[in-house]
Amino acid sequence: MSDRQLKPCPICSIPSPYWERYPRLVCSTCCSKACDSKGRKVKFYNVDMSGGFLARFADTKEEYPSHLCYIEGVKCWAEEGKFGGIAIERYD
Ligand SMILES: [Zn+2]
């Protein structure tokens, strides 16, 4: 692959890098708005340098036992990114 394509973020429509593996990837700004179904902020992390997936509530740091989250009321799915970091995709 040469030049990376830009595609609108599925939440806010801002042009964002397009990854073939993650066609519905939300942009980093939207990722930072992830909440649970009740609007409580959640954050996603890698467990360590080698990856892994970990989700915590932003306020209490309590573990959030799910990959599902909501961004601007849109259901999304977070997972360990294939290329490191965390990938959040629109879930539908
Ligand atoms: Zn966005």
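Which residue takes a positive phi in the hairpin of β5 and β6? In this predicted model, that residue is E72, with a phi near 50°, and the hairpin has 2 residues between its strands.

- The strands β5 and β6 run antiparallel and are joined by 4 bridges.
- L68 has W77 of β6 as its bridge partner.
- In a regular strand, side chains alternate between the two faces of the sheet.

**The largest nonpolar core**
- The largest nonpolar core has 17 residues, of which V26, C30, A34, C69, I71, C76 and I88 touch the most other members.
- At least two residues of this core come from each of α1, β3 (42-45), β5 (68-71), β6 (74-80) and β7 (86-90).
- Nonpolar side chains tend to be buried together in soluble globular proteins.
- Leaving aside residues up to four places away in sequence, V26 touches C9, P10, I11, C31, I71, C76, I88, E89 and R90.

**L25 in its loop**
- L25 is located in the loop that lies between β2 (15-17) and α1 (28-31).
- L25 counts as buried because it has 22 C-beta neighbours inside 10 Å.
- Residues up to four places away in sequence not being counted, L25 touches W19, A87 and E89.
- A78 is 53 residues from L25 in sequence, yet their C-alpha atoms are 9.5 Å apart in space.

Technical notes: Residues are numbered from 1 along each chain as its sequence is written. This is a predicted model: local features need pLDDT of at least 70, side-chain atom pairs count only at pLDDT 80 or more; totals for chains, interfaces and linings use all residues. A residue is buried if 20 or more other C-beta atoms lie within 10 Å of its own, exposed if 12 or fewer, and partly exposed in between; C-beta atoms are placed from the backbone. Two residues are in contact if their C-beta atoms, placed from the backbone, lie within 7 Å. A nonpolar core is a set of buried Ala, Val, Leu, Ile, Met, Phe, Trp, Tyr and Cys residues joined through C-beta atoms within 7 Å. Two strands pair if DSSP finds at least two bridges between them.
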